[in-house]
Amino acid sequence: MKIIKFISFVLISVFLLSGLCGCHIDKYDAKLYDDMFGAVRKWMDEDFLAQNRVSGFYKDENGEIFEVKNQKGPIVHVLTEEEQYNKIFTKFPIEIDFDKKMVIVYIFTDNSQRNYSLESVSIIEGTLSMKIEKYNSKMDDSVWPYQRCFMIVLNKSEITDVDVDIGISRKYNQEEADEKNK
């Protein structure tokens, strides 16, 4: 009888804790637009990208490669108004209802062209915390450091700070994803 009560207590505790966590992506209706192979950057204004350079290699208007060093990053922009969004995303194909949604632009130096996935989102005391994971791979596929951009669209909330934790996925493997996409 004591074992049944103990097991019941543990199961109920786990259920309640998982419900209180608040880290579910669905709660915030969050979607990550990944910049694999420059997709997000193609939607963005060139002047904005130039003003928000992070350390890495870039091409000039003649196609010549140059290096930018000692630029702080990552850079985060919180867009809550359509006017802000339209200045940055001049070629983005999706309309966003800024009465209900907001956009986080996350610009950082990366040396990988693997996929990323949004694993968790939470807002605690005004801090938006996101866990983003890079697909795991057995390949040695690093590239020269470059400017990579994420666009995260989520439900509008009052936030004062953004914290992004990027790690290696234990669930997702790049080779498996590539096989599925063939």
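## Basis of the model

Local features of this predicted model need pLDDT of at least 70, and side-chain atom pairs count only at pLDDT 80 or more, whereas totals for chains, interfaces and linings use all residues. Residues are numbered from 1 along each chain as its sequence is written, and side-chain values use heavy atoms, with hydrogens and water left out.

## Overall make-up

The protein has 6 helices and 9 strands (DSSP runs numbered from the N terminus: H or I of at least four residues for helices, E of at least two for strands). Of its 182 residues, 40% are buried (under 20% relative accessible area with a 1.4 Å probe, protein chains only; exposed is over 50% and partly exposed is in between).

Among contacts with a separation of 6 or more, 74% join residues 24 or more positions apart (a contact means heavy atoms within 4.5 Å). The protein exposes about 12000 Å², of which carbon and sulfur atoms supply 52% (Shrake-Rupley method, 1.4 Å probe).

## The largest pocket

The largest pocket holds about 500 Å³ of space. A pocket is an open set of points on a 1 Å grid over the protein atoms alone, where a 1.4 Å probe fits and protein lies on both sides within 12 Å along at least five of seven lines; lining residues have an atom within 4 Å of a point. Points are joined across faces, edges and corners, and the volume is the space filled by probe spheres set on them.

The lining comprises 14 residues, and Arg41, Glu46, Tyr58, Lys59 and Gln147 lie nearest the centre of the pocket. Helix H3 (39-43), helix H4 (46-51), strand E2 (56-59) and strand E8 (146-155) each give two or more residues to this lining. By class, the lining has 7 nonpolar, 2 polar and 5 charged residues (Ala, Val, Leu, Ile, Met, Phe, Trp, Tyr, Cys and Pro are nonpolar; Asp, Glu, Lys and Arg are charged; the others, Gly among them, are polar).

## Aromatic pairs

The count comes to 10 aromatic pairs (rings of Phe, Tyr and Trp, the last by its six-membered ring, with centres within 6.5 Å; planes under 30 degrees apart are stacked, over 60 edge-to-face, the rest tilted). The pair of Tyr85 and Phe98 is tilted, because the ring centres are 5.4 Å apart and the planes stand at 55 degrees. Tyr85 belongs to helix H5 (residues 82-88) and Phe98 to the loop between H5 and strand E5 (101-110), so the pair ties together parts 13 residues apart in sequence. Both Tyr85 and Phe98 are buried.

Tyr116 and Phe150 form an edge-to-face pair, at 5.0 Å centre to centre and 70 degrees between the planes. This pair links distant parts of the chain, with Tyr116 in strand E6 (residues 116-124) and Phe150 in strand E8, 34 residues apart. Tyr116 counts as buried at 6% relative accessibility, and Phe150 is buried at 0%. Together with Tyr106 and Phe108, Tyr116 and Phe150 form one aromatic cluster.
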